[in-house]
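Dear colleague,

After it come some notes on what was found.

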Amino acid sequence: MAESGSIENLVAVRRLLKSSLEKSRDIASEINKTGHIDRAIGPATSVLKVFDAVHGIEGLLLSDPSSNLFGYLSLVKQLEEALKFLTDNCGLVIQWLEDVVRFLEDNTIDDDWYLLTVRKSLMILGQLQAMENSSLLNGGSLFAALEKLESEFKHLLVENSFPMDFTLTSGGNEASHSAPPIPVAVIQKLQAILERIKANNRIEKCITIYVEVRSSKARATMQALDLNYLEISISEFESVQSIEDYIDQWGNHLEFAVKHLFELEYRLSNDVFQKAGSEVWMSCFADIAIQSGIHGFIKFANTVTKGKKDAIKLLKLLDIFASLNRLRLNFNRLFGGKACVEIQTQTRDLIKKVVDGACGIFWELSVQVDLQKQCTPPSDGSVPRLVSFVTDYCNQLLEDDYRLILTQVLEIHQGWNHEKFEEGFLSNEVNKIMSVIEQNLETWAKRYENTALSYLFMMNTHWYLFKHLQGTNLGNLMGDSWLRCHEQRTEYYAAAFLRESWGKLTAFLHEEGLILFSGGTAVACDLVKKRLKAFSEAFDDIYKQQSNWVVLDKSLRLRICQLVVHIIVPVYRRFMQSHMPLVEQGTSPNKYVKYSADSLENMISSLFQQKLGQYGSTKCTHLIGKIKNVVTNHFSSTPAAA
């Protein structure tokens, strides 16, 4: 339909209405009775004026909205109102003209031109009445204007959306972040565009545009964090310990994503789509969170829960739970809506796996420690790796952070199983573990064929339990009496060790029979030589044997060496001072006098040193997983020399 022709025809319709009154008073009277001509002339005049205005507005809407957005939006609104007016008012005129046609046809009035013009006017008015709907179709003036607004909506978003920077501080505990916020003026423009778009029932395209633009910027932020580790599969790591660093990164990255990235998108979605309703903006936010990678974080943590059971995994599961728990309020607020049901479900499932997994490992700890009775104790008599690992591990569990988290996890698990939670669960289980360790020591000690080595082993281990647990969380839990008991056992086994080995050497240097031959007879000289030779051979045997034994604690090692020196050297020195002249009277005195008192002291003082590459570990292979995997972990390092 040509717009100029429509106007001309509409003018003709208006003239027809007026001339009809002048042409025949009788016809007019009948028409007026039938169709209420006076009520139709006003709307017809208004339709003509509004259509003329529409024609002018359509010309103005050919311009670029970015130059004067709010002016353009005002024109769009005027066009909407004008088209609605046409729809409403053309109906009144059409109704009257239809009555005219029926009157003319029923009364067989001989005026074909008049009837033809009225029918033509009806067709034109019908087209005008449908103009509101047709303008919204592809090619219509309002459709084109709305498309321009959608393009401007995307342009404003793209030009004002930037990825967010993420940088960990030197301590690694906090993150700095920055991203220029979308200016308030731009948000107001976006809101105004959406208001017009929504008024015409085509907001879905703007929603799609918004989600695509914001998701792409959020993904760019995520990609800058190097999150490839989130895609790791269960087959790609032997134990949780091998991805321990990734788990620590996961906690930092998740906190940044939730507190900063998703928080920003949540607020912005609300600001931009506020007038569209909460269901709309929450749906936008949910789509952005999903498309930018929230599921990747959940998937990684789920993968960790599927890893092999081991003691380190318990700590890592507690770390994961702690991260999720710190973000609980944020998660509930950001993802609590109906649009985020999928995220809610996956998060709940993850928390259940973490809690069940952590509790499962915790309850098995004492059982797994008990199974280590089958292991061979250290061949050098040093502290078993298991003892140092378990004590360090229990100290970790009793630290404030882990203790509170584990207690909370145990309480949640008990609640799920409708079981009563008692505050002493953690303390009781740790006490049980330490009791099993003590039982293991007794079993291991009996495996040594050398009694002296068995005593050295017990001395080492009891001293470790006493000294290294003093002032620690575990030591405080076990109590002073428990610590003193291990100190006393250290003394007991130290004395037993000396008596069983070095204490026997002095018997070779006794004076029996030598006093009778004090004049230096050959018999006396021979006795002295035999006793010195026997002493030297016995000393060499013990020294050679104990050169491979270890007392790792420096203070204990010095003390034991001093006691050995005190037992051996003074007796040896007195014997040499008393009987050396007899030896020197004979031939080859060096054959019988192998050591001086000073050289003995130096040799004894060099004993029980840890050899390079020697760790003093047991050959145990499992503690809810492989202990050998724990060797490189700081929890299970060999006790440092004090």
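Axes here are lines fitted to C-alpha atoms, for helices over the stretch in contact, and angles run from 0 to 180 degrees between N-to-C directions. Please keep in mind that this is a predicted model, in which local features need pLDDT of at least 70 and side-chain atom pairs count only at pLDDT 80 or more, whereas totals for chains, interfaces and linings use all residues. Residues are numbered from 1 along each chain as its sequence is written, and side-chain values use heavy atoms, with hydrogens and water left out.

Helices are DSSP runs of H or I with at least four residues, numbered from the N terminus. The axes of helix 9 and helix 10 come within 12 Å and cross at roughly 160°, which makes helix 9 roughly antiparallel to helix 10 (an angle over 145 degrees). In their contact (heavy atoms within 4.5 Å), Tyr 210 and Arg 214 are among the residues of helix 9, and Phe 256 and Glu 265 are among those of helix 10.

The loop between helix 9 (203-223) and helix 10 (244-273) holds Asp 226, which has a positive phi of about 60° although it is not a glycine. Asp 226 counts as partly exposed at 49% relative accessibility, where buried means under 20% relative accessible area, exposed over 50% and partly exposed in between, with a 1.4 Å probe and protein chains only.

Phe 608, in the segment after helix 24 (597-605), likewise is not a glycine and has a positive phi, of about 65°, but Phe 608 is buried, with a relative accessible area of 1%.

With regards

Technical notes
Helix = DSSP H or I, 4+ residues; strand = E, 2+ residues; numbered from the N terminus. Parallel < 35°, antiparallel > 145°, perpendicular 65-115°, else oblique.
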